[in-house]
Amino acid sequence: MRTPYVPLRVHSEYTIPDGAILIADYVRRLKEIGAPAGALTDRGVLYGAHEFTRLALAEGIQPILGLDLDIIHPDDAAAERVVLLARDEAGFRALSRLSALGFQRGDVGAGHGVTAEELRLHGPGLVALVGDRDSSLGR
């Protein structure tokens, strides 16, 4: 038996120019490949969360909601990117708070960023995909 593929980092039409897939097309593709679940992780925004959840559930696919965010280090100009996935309803509320913090900071051009401390404060219910265990977040 083949292990099903579950995409965990997908940008939709709400993340231009990184993503170009329409949410309805994405859900259709998930159904075609037999994916039991799929994530939507737009860059700093949750604009597509409702549509994705509604369409995925209608097709019997488990929606996973997330964000692609910058973690800002106040003493360093470089930011680290992290994908955050909601594990549960508390996680979705955390995503909403973190997205709002990024907008309040006004970092729209550079990506929506939060500090590591803000991530720790609002992190319960989230799973972080950091990609490098030696990064400041991976440690």
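Colleague: Why does Glu89 count as exposed?
Modeller: Its relative accessible area is 60%. Exposed means over 50%, buried means under 20%, and partly exposed lies in between, with a 1.4 Å probe and protein chains only. So Glu89 counts as exposed. Bear in mind that this is a predicted model, where local features need pLDDT of at least 70, side-chain atom pairs count only at pLDDT 80 or more, and totals for chains, interfaces and linings use all residues. Residues are numbered from 1 along each chain as its sequence is written, and side-chain values use heavy atoms, with hydrogens and water left out.

Colleague: What makes the pair Glu89 and Arg93 a salt bridge?
Modeller: The N to O distance is 3.1 Å. The rule asks for a side-chain nitrogen of Lys or Arg within 4 Å of a carboxyl oxygen of Asp or Glu, so the pair qualifies. Arg93 is partly exposed, at 40% relative accessibility.

Colleague: Why are Glu89 and Arg93 separated by about one helical turn?
Modeller: Because they are 4 residues apart in helix α3, residues 89-105. Helices are DSSP runs of H or I with at least four residues, strands are runs of E with at least two, and both are numbered from the N terminus.

Colleague: How many salt bridges does the rule give?
Modeller: The count is 9. Arg28 and Asp25 form one of them, with the closest N and O atoms 2.3 Å apart. Both residues lie in helix α1, residues 23-33. Arg29 and Glu32, also in α1, form a salt bridge at 3.0 Å.

Colleague: What makes Arg29 partly exposed but Glu32 exposed?
Modeller: Arg29 has 45% relative accessibility, so it counts as partly exposed. Glu32 has 56%, so it counts as exposed. In the other pair, Arg28 is partly exposed at 46%, and Asp25 is partly exposed at 32%.

Colleague: How do you know that Leu126 is buried?
Modeller: Its relative accessible area is 12%. That is under the 20% limit, so Leu126 is buried. Leu126 is found in strand β5, residues 126-129.

Colleague: What makes a set of residues a nonpolar core?
Modeller: Its members are buried Ala, Val, Leu, Ile, Met, Phe, Trp, Tyr and Cys residues joined through side-chain atoms within 4.5 Å. The largest such core here has 27 residues, and Phe52 and Leu126 are among those with the most contacts inside it. Elements giving two or more residues to this core include α2 (49-58), β2 (62-72) and β3 (79-86). Phe52 is in contact with residues including Ile23, Tyr26, Leu40 and Leu65, leaving aside neighbours within four places in sequence.

Colleague: Why does Leu8 count as partly exposed?
Modeller: Leu8 has 33% relative accessibility, so it falls in between the limits. Leu8 sits in the segment before α1.

Colleague: Which residues make the nonpolar surface patch?
Modeller: Leu8, Val127 and Leu129 make a patch of about 190 Å². Patch residues have over 30% relative accessible area and no salt bridge; like charges are joined within 9 Å, nonpolar side chains (Val, Leu, Ile, Met, Phe, Trp, Tyr) within 5 Å. Areas come from the Shrake-Rupley method with a 1.4 Å probe. Leu8, at 33%, is over the 30% limit.

Technical notes
Contact = heavy atoms within 4.5 Å.
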